[in-house]
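This report describes selected features of one protein model, taking helices, sheets and single residues in turn. Please keep the sequence and the structure in view while reading.

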Amino acid sequence: MNAKIYIFSTILSLLTTVSSFGQFKKTIRVKAPDKQTCIELGADKQGQLQYRVFYSGQKVVTWSKLGLQIDGITVGGNTVVEGKEENFYDEKFAWRLGENDTITNRYNRLKLRCVSSSLLYNLIVRVYNGSVAFRYEIPSQSGLKDNSISVKKENTEFNFTTPYEIYQYNQESVFTPVALNLLTQTCDFPATLTNGKLFISIGEADNTDYTKAELKRGIKSNSLVVTFARNSVVKADRVFETPWRTISVAKTAIGLHDYSELYLKLTPAPQNGVPTWIKPGKLIRAQLNTQSGIDCIDFAVKHNFQYIMFDAGWYGSEFRSTSDPTRVIPQIDMSKVIQYGKERGIGVVLYVNYVGLRAKLDTILPLYKKWGVSGMKFGFVDGLTQEGLMWLASAIKKVNDYGFILDIHDNYKPTGLSRTYPALLTQEGIRGDENSPDAFHTTVLPFTRFLAGPADFTFCYPNGKNSYSKNLKVTKGQQLALTVIFFSPLQSIFWYGMPNDYTNEEEIEFFKYVPTVWDESHYLAGGIGENISVARRSGDTWFVGNVTGLKDWESSIRLNFLTKGEIYTATVYEDDGAGGICKRVEKVKEGDEFSFNIKAKGGQAMILRPITKTIQE
């Protein structure tokens, strides 16, 4: 669908002196379409460009510095604003790989044309209902003689009006709630903060050639600043733009999910839409032999999975430069497995380590196409440095253009590139079941890391031969429910399990039915690290996941999301109190209150299917 753009004013003269802007004789305000969110821009007496944010009548972020340090110039300092351009955008676009099949992208946009010490720069601002986003842009100009510039620091600040607690984490670490003024470590984007009344997410979008910046405690009280944790300097072309910095505010923890699609809205659309060959789905990981591949394909067909995967080792020791991702170990007849899968509608995904990717990506892409491979998984990539992220952006594009789905594992965190390159279905960048997360962690993730985009959680569901007690710190019921709550278009299920060991068919039945992409999603209830309830629709069928953290959760949800006039069969899968799953069925309708009592570390998954079209009085 095409965007509607309303131009209010275009490149008009705004200010000609630093003093008028610096003494706040004139500031610039941009409000959200609903008028409840506002960013105000101005400069202090020294001409330092700064901003503050208001939400629902409250000042949330007080005056905070903007800008960069580029080649000895403080971009944002001694600022003269030469002009501005304001637009209103209103668009909807289809997105069949998401939490909702249609995304509304509605915001007011401001572009400020500024000068600092003779260097031209632009500040681009978008204001959404509940969110603000901004980025810096260095346009083409004659004053820059070299082919590149050096960004030595980003001066962006986030100065809050009251004390906040932040959920500190890095890559795949645990979460540590800590008072902002006591923060001693850096924190990844997206960072979640709360003062008990408001909930804030500070995020990042569209990072293709920058470093992985992080947040650290600022000099001022209740303050965060952007820091380059992995690079001392960011090299850029003379014409470049930084990633978006975002601030989203909600009155409840669940309300933060109103902004979980923001990263998609801030990245460019795919050139040719979402190709029909991109198929989301579930996968099971095969052992490193032909028979396991065949068995996994049979299991996938029986349980409505779409892919199997050969993980590390299928071409030898993954970290050795002598291991060749063009050569399969003798234990696997790859062509036989791929052909067997094609005959049964099951794709084969191959893992390649960063060592092999850097050496042979351009070789293996056409080769895997010839083999009939469906997708790739990148392993142990560099998602932290500018060099690593630039390589990844290029590699993602190549994989997308060659027609493979993609899953990136280990420390890479999404910034919305799956909008531009929709073959990037998911990534890790999360402490999943491989790393033994507890119930506190699983109930923090929906309010933190999942606000940045999909994540491959690598589920480890038990079977009769292996309880995976080392990995699992939650119940089976929670494992089922998390496949609804944790969004990922490509879900890795039974990460360590062998297909023939899963004889507990009634327990794993839910995995057969649960989709990985959705037409509609609603976050119903929950608190960070405490509990969460999510309902999602696929076609006319609803799936609900309820999980709790380290305490029991007795509550209820109102089924207002159901279609009025329909009667539904609710199939409930829940912990039986003895380490297993029990299943029960009841009838429900729109507006019913569904009560539950979930024990600590537990969960409950439901499927609600309509059984009648009769319209009630």
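## Two packed helices

In this predicted model, helix 3, made of residues 290-302, packs against helix 4, made of residues 334-343, with their axes coming within 9 Å and crossing at roughly 10 degrees. Angles under 35 degrees count as roughly parallel, and helix 3 and helix 4 are therefore roughly parallel to each other.

Which residues make the contact between the two helices? Helix 3 contributes Thr290, Gly293, Ile294, Ile297 and Asp298, while helix 4 contributes Lys336, Val337, Tyr340 and Gly341. Sorted by class, the contact of helix 3 with helix 4 contains four nonpolar, three polar and two charged residues.

Six strands form an open sheet in the order 30-31-32-37-34-35, and their pairing is antiparallel. Strand 30 (520-527) and strand 35 (581-589) are the edge strands, each of which pairs on one side only. From one strand to the next, the twist averages 15 degrees.

Helix 9, residues 476-485, packs on this sheet and touches strand 30, strand 31, strand 32, strand 34, strand 35 and strand 37. The direction of helix 9 makes about 125 degrees with that of strand 32. Helix 10, residues 505-513, lies across strand 32, strand 34, strand 35 and strand 37, and runs at about 60 degrees to strand 37.

Strand 31 (residues 531-538) and strand 32 (residues 541-548) run antiparallel and are joined by eight bridges. Within strand 32, the residue opposite Ser533 is Asn546.

Strand 34 and strand 35 also pair in the antiparallel sense, here over nine bridges. Ile567 stands opposite Lys589, a residue of strand 35. The hairpin of strand 34 and strand 35 has five residues between the strands, and in this hairpin Gly577 takes a positive phi near 85 degrees.

## Strand 5 and its partners

Strand 4 (residues 49-55) pairs with strand 5 (residues 58-65) in the antiparallel sense over five bridges. Phe54 stands opposite Lys59 of strand 5. How many residues lie between strand 4 and strand 5 in their hairpin? There are two, and Ser56 in the turn has a positive phi of about 50 degrees.

Strand 5 is also joined to strand 13 (residues 157-160) by two bridges, and these strands run antiparallel. Here Thr62 has Asn159, in strand 13, as its bridge partner.

Another open sheet has four strands in the order 7-6-12-20, with antiparallel pairing. Its edge strands, pairing on one side only, are strand 7 (73-75) and strand 20 (234-237). The twist in this sheet averages 35 degrees from one strand to the next.

Strand 12 (residues 148-154) runs antiparallel to strand 20, and four bridges join them. Ser148 stands opposite Asp237 of strand 20.

## Thr186, a residue in a loop

Thr186 is found in the loop between strand 15 (176-179) and strand 16 (191-194). Is this residue buried, exposed or partly exposed? Thr186 has a relative accessible area of 23%. Buried means under 20% and exposed over 50%, so Thr186 counts as partly exposed.

Apart from neighbours within four places in sequence, Thr186 is in contact with Gln168, Tyr169, Asn170, Glu214, Leu215, Lys216 and Thr227. With Asn170, the side chain of Thr186 makes a polar contact of 3.3 Å. Thr227 is 41 residues from Thr186 along the chain, and the C-alpha atoms of these two residues are separated by 8.3 Å.

## Gln427, a residue in a strand

Gln427 belongs to strand 28 (residues 424-427). Its relative accessible area is 3%. Because buried means under 20%, Gln427 is classed as buried.

What does Gln427 touch, when residues up to four places away in sequence are not counted? The residues touched are Asp407, Ile408, Tyr412, Pro414, Arg449, Pro454, Ala455 and Asp456. For Pro454, the backbone oxygen lies 2.9 Å from a polar atom of the Gln427 side chain.

Key:
Residues numbered from 1 in each chain as written. Predicted model: local features only at pLDDT ≥ 70, side-chain atom pairs only at ≥ 80, totals over all residues. Heavy atoms only, no water. Buried < 20%, exposed > 50% of the residue type's maximum accessible area, 1.4 Å probe, protein only. Contact = heavy atoms within 4.5 Å. Polar contact = N/O pair within 3.5 Å; in protein donor to acceptor, adjacent residues only side chain to side chain. Axes fitted to C-alpha atoms, helices over the stretch in contact; angles between N-to-C directions. Parallel < 35°, antiparallel > 145°, perpendicular 65-115°, else oblique. Nonpolar A, V, L, I, M, F, W, Y, C, P; charged D, E, K, R; others polar. Pairing = 2+ DSSP bridges.
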